[in-house]
Amino acid sequence: MKTRVLIVDDEEEFVNALSKRLRIRDYDVTTSLSGEEALEKMKHYLFDVVILDVAMPGMSGIETLREIKKIKPLTEVIMLTGHATVESAIEGMKLGAFDYLLKPCETDDLIAKINLAYNRKAEHEERIREAKVRQILASPRTVLEDE
Amino acid sequence: MSRQWETIGELGLQFFGKISASISHEIKNTLAIMNENAGLLEDYCQLADKSKPVDPGRLKEVASSIRNQIRRTDGIVTNLNRFAHSTDQWMMGVDVGDFLRFMCQLTGRLAFIRGVRLKPEPLSASVKIQTNLFFLEHLFWLCLDFAISMAGEGRTIRLTADALQTGVRIILRGLEGLAGSPKTNFPGRHGKTLLRVLEGELEINEAAGELVLILPKEVSQ
């Protein structure tokens with residue numbers, strides 16, 4: 001299955017170019033031009049990795065990250081920032097972002113971070129599945145209780 | 001008096017830093033777009049090398065985006081250069097209409113990031129004053145910063161000016177949040193110092209949602 005990536009940035013031409021480049025590399029890409037639009041899409045679709053601009057009008061990158069972590073805690077977020085907002089990106093990492101990159105970024109760096117973020121999410125989901133299986137094996141009744 | 005100049009100098013540097021940081025951030029954005037487009041051209045070349053034909057329309061689209069961003073960056077750098085020259089002379093002639101357009105371009109991103117748009121309106125007649133340009137830019141930014149907070153997200157602040165016999169009246173309209181807003185310390189101690197130096201006055205019209213800055217035709221040296 002392709003890695004599902006959501007790009008969130010208010011710079012439309014940036015979003016267009018980056019999304020084309022990621023699609024060429026076989027990622028399943030969706031785009032949003034604001035934090036609000038991104039959260040709406042996250043309620044309806046599943047994403048593995050979100051690439052999130054820190055400085056956006058309306059809902060900022062940090063506010064968007066907080067909401068993403070509330071509704072989809074396992075989705076990994078990579079913050080994108082110009083140098084003026086590096087502190088915000090670091091704050092984002094404290095709030096659970098996977099990593100951050102400075103604009104303009106090297107494609108190879110971005111791809112490497114997307115893949116690492118995807119792997120971390122997959123491992124995390126696998127550990128949750130294993131824990132659930134162990135729980136069921138230890139106490140099969142819990143399956144009935146859950147239902 | 002020397003304490004007054006120290007305050008103006010220190011906070012003036014902070015203002016200069018704030019504007020420079022905003023401009024450099026904006027340049028980073030345009031560079032990022034050009035970088036992705038250059039990368040996209042490389043991707044298309046690689047596809048072509050693998051005998052996958054590339055639609056020339058796609059190449060034109062990338063070239064057009066790069067050209068847009070070069071034009072945008074040129075505008076940003078031109079504004080930065082003009083801003084940097086604000087301190088060249090102690091007193092200079094300022095065309096108020098041109099000044100308002102320039103300030104909208106210079107601080108537009110700072111407003112935009114707070115969800116507010118700045119719109120300079122054409123003046124009915126040309127208005128010129130003699131003043132200290134850098135202090136005026138700083139004082140006007142304090143006014144804009146306050147106006148942006150009062151306008152609220154999704155709003156547009158309209159900027160205009162009228163000639164007075166004694167100088168000029170610059171008006172910031174669309175400050176819907178002025179009525180009923182809690183008391184602020186605007187213009188603050190620093191704003192008051194700049195007003196004194198520029199021999200200006202501020203009027204806040206809550207009912208009309210307007211902030212008015214009155215400046216003399218010429219600041220006494």
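## The largest core

The largest nonpolar core has 45 residues, and B:Val96, B:Leu139, B:Cys143, B:Ala147 and B:Ile157 touch the most other members. Such a core is a set of buried Ala, Val, Leu, Ile, Met, Phe, Trp, Tyr and Cys residues joined through C-beta atoms within 7 Å; buried means that 20 or more other C-beta atoms lie within 10 Å of a residue's own, with C-beta atoms placed from the backbone. Helix 4 of chain B gives the largest share, 14 residues.

This is a predicted model, in which local features need pLDDT of at least 70, side-chain atom pairs count only at pLDDT 80 or more, and totals for chains, interfaces and linings use all residues. Residues are numbered from 1 along each chain as its sequence is written, while chains are lettered from A and ligands numbered from 1 in the order in which they are written.

## The sheet of chain B

Let's turn to the strands. Five of them (strands are DSSP runs of E, at least two residues) make an open, mixed sheet in the order 2-4-5-7-6; strands pair if DSSP finds at least two bridges between them. Strand 2 (117–120) and strand 6 are at the edges with a single partner strand each, so one side of each has no neighbour in the sheet.

Strands 5 and 7 of chain B are antiparallel, with seven bridges, and B:Leu172 sits opposite B:Leu211. Five bridges link strand 6 (residues 201–205) to the antiparallel strand 7 of chain B, where B:Leu202 faces B:Leu213. Four residues separate these two strands in a hairpin, and B:Gly209 in the turn has a positive phi of about 65°.

Methods: Buried ≥ 20, exposed ≤ 12 C-beta atoms within 10 Å, placed from the backbone.
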